Amino acid sequence: AQSIKKFSADGNLVCGYGAPARLSTITNFGQIHTQDLSFVVDDSPLKQGRYSPGSHVPILPFSEAELREPDIIIVFAYEYLSSIVKKTKHLNSKYFTPIPFKEVELD
């Protein structure tokens, strides 16, 4: 099974989308830090410019994903998966959900 740490070790740019409370739970439990997950995008200006508690992953605006074009997007706000995919499809990234950790198959 692939993991976030393996993706980054293989030279992929990995980012997250969505910074709900589960982001900190998952990254802290999995000991995932900025060398594994470069940044997280969140649409809320209240969260942008901050860091996830514990793992200190930067939370940035969507423009950062457009600028850096990540290879892998881990969708932490998976209840919004379809709208996130629509918004980011032009980046040609692969999508994964963190729980269960699996690739999202696109139609």
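Predicted model: local features only at pLDDT ≥ 70, side-chain atom pairs only at ≥ 80, totals over all residues.

Mentor: Residues are numbered from 1 along each chain as its sequence is written, and side-chain values use heavy atoms, with hydrogens and water left out.

Trainee: Is Ser55 buried or exposed?
Mentor: Ser55 lies in the loop between strand S3 (50–51) and strand S4 (58–60); strands are DSSP runs (E) of at least two residues, and helices are runs (H or I) of at least four, numbered from the N terminus. Buried means under 20% relative accessible area, exposed over 50%, and partly exposed in between, with a 1.4 Å probe and protein chains only. Ser55 has a relative accessibility of 4%, so Ser55 counts as buried.

Trainee: With which side chain does the side chain of Ser55 make a polar contact of 3.1 Å?
Mentor: A polar contact is a pair of N or O atoms within 3.5 Å; within protein, one must be able to donate a hydrogen and the other to accept it, and residues adjacent in sequence count only if both atoms are side-chain atoms. The contact of 3.1 Å is with the side chain of Thr27.

Trainee: Why is the pair of Phe7 and Phe96 tilted?
Mentor: The structure holds four aromatic pairs; rings of Phe, Tyr and Trp (its six-membered ring) pair if their centres lie within 6.5 Å, and planes under 30 degrees apart count as stacked, over 60 as edge-to-face and the rest as tilted. The ring centres of Phe7 and Phe96 are 4.9 Å apart and their planes stand at 55 degrees, so the pair is tilted. This pair links distant parts of the chain, with Phe7 in helix H1 (residues 4–9) and Phe96 in strand S6 (residues 94–98), 89 residues apart. The angle behind the tilted label is 55 degrees.

Trainee: Which residue forms a stacked aromatic pair with Phe96?
Mentor: Phe96 is buried, with a relative accessible area of 7%. Its stacked partner has a ring centre 5.3 Å away and a plane at 15 degrees. Ring pairs link this partner, Phe7 and Phe96 into a cluster, and the partner is Phe101.
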